[in-house]
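Here is a short briefing on one chain. Look over the model first, then read the points by topic.

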Amino acid sequence: MKKTIRTISLALLASVFAVACKNEETVETKVDTTPLVKLAVATTEVVADDQVYSSTVKPWAKNNIAPQQGGRIEELLVEVGTYVNAGETVAKMEDVQLQQSQLQIMNDEVELKRMRTLKDQGGISLSDFEAFEMACKVHKSTYDNLLRNTVLRSPLTGMITARNYDKGDMYAMAQPIYTVEQIIPVKLYIAVSEADYSKVKKGAVTTVTTDAFPGQKFSGEITNIFPTIDPVTHTFNVEIKVKNFDKKLRPGMYAKVTIIFDKVKRVIVPDVAVVKQTGSGDRFVYVYDAEDGTVEYRKVEVGRRLGNKYVILGGLKAGEKIVTEGLLRLKNGVAVKVAE
């Protein structure tokens, strides 16, 4: 009797175990592993067709201030950083030769009056008078030249950016005494691709930004387009003028120049839809195929960023559906389920 009961119990346990296993298998077969995704439609917007170029701020004009010949420096009247006007005296050299030339001019004036009287009285010939008069003009020219090279003046309005000597030094003609640079306005040069040659127009407005003044934009203007293209780089130079009335831009500053060529219609997608391939600069999106419910891993050419969106320059058409959520479980050709 006990043996019969034990047999029935074992049979019952086996039956329960079999049912449990069957239920577990049934549950497992009901788990849906299809990736769940959300979609967005690629749209079009009118955006600026622009390019950004790196450049360096340069002075509009730059001059070295120095005499024509060596001599002792008597006075230095300005320091580096001083803003000077054109014609302002900045230094004085030893004036011994200038004084001698000045005495010569004074003597010439007296002699010229006497020679003119003699000529009028017939004491000397006209040719002798004219020869003396010419000598006086040569002496005056020599004096003027010595004056320019003794009293040194700034040739332009700008800022003193270098001083290479001290008072009392002998000017050795190796370096200029001062360097003055015009910073109202300033200019920048950029190298533009020959593909954009027909797009660049003289007088077009540009935007200039610098690391020194983050967030601030300066207005520039294209003032010169170089007529030749470099056969090696296939670029041509463009000159940008910035008025710089506030003197914020200084020569040597790193800058970025933005040129807007035109307004064009471009494909726009959310930035979360763009996937960067590891180990390369290539960008991809997953494009949804409504007919078979799969996604395609497609390479696209990405343009500039517009807030939380990207401009797509190639590889995608407006109206195509792309995946914006659930990208981690995706691969090319996999079937997906679209979330409502």
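In which strand does serine 55 lie? Serine 55 lies in strand S2, residues 43-56. Strands (E, at least two residues) and helices (H or I, at least four) are DSSP runs, numbered from the N terminus.

This is a predicted model: local features need pLDDT of at least 70, side-chain atom pairs count only at pLDDT 80 or more, and totals for chains, interfaces and linings use all residues. Residues are numbered from 1 along each chain as its sequence is written, and side-chain values use heavy atoms, with hydrogens and water left out.

**Serine 55**
- Serine 55 counts as buried because its relative accessibility is 6%; buried means under 20% relative accessible area (1.4 Å probe, protein chains only).
- Its side chain reaches the backbone oxygen of tyrosine 189 at 2.8 Å.
- Beyond neighbours within four places in sequence, serine 55 contacts residues including Leu188, Ile190, Met253 and Val257. Contact means heavy atoms within 4.5 Å.

**Helix H3**
- Buried residues of H3 include Phe129, Cys136 and Tyr143.
- The buried residues of H3 pack against strand S6 (89-93), helix H2 (96-121) and strand S7 (151-153).

**Whole chain**
- The chain has 3 helices and 20 strands.
- Its radius of gyration is 42 Å, well over the 20 Å that the globule rule gives for 340 residues, so the chain is more spread out than a compact globule. The radius is taken over C-alpha atoms; the rule is 2.2 Å times the number of residues to the power 0.38.
- Of the 340 residues, 31% count as buried.

Methods. Buried < 20%, exposed > 50% of the residue type's maximum accessible area, 1.4 Å probe, protein only. Polar contact = N/O pair within 3.5 Å; in protein donor to acceptor, adjacent residues only side chain to side chain.
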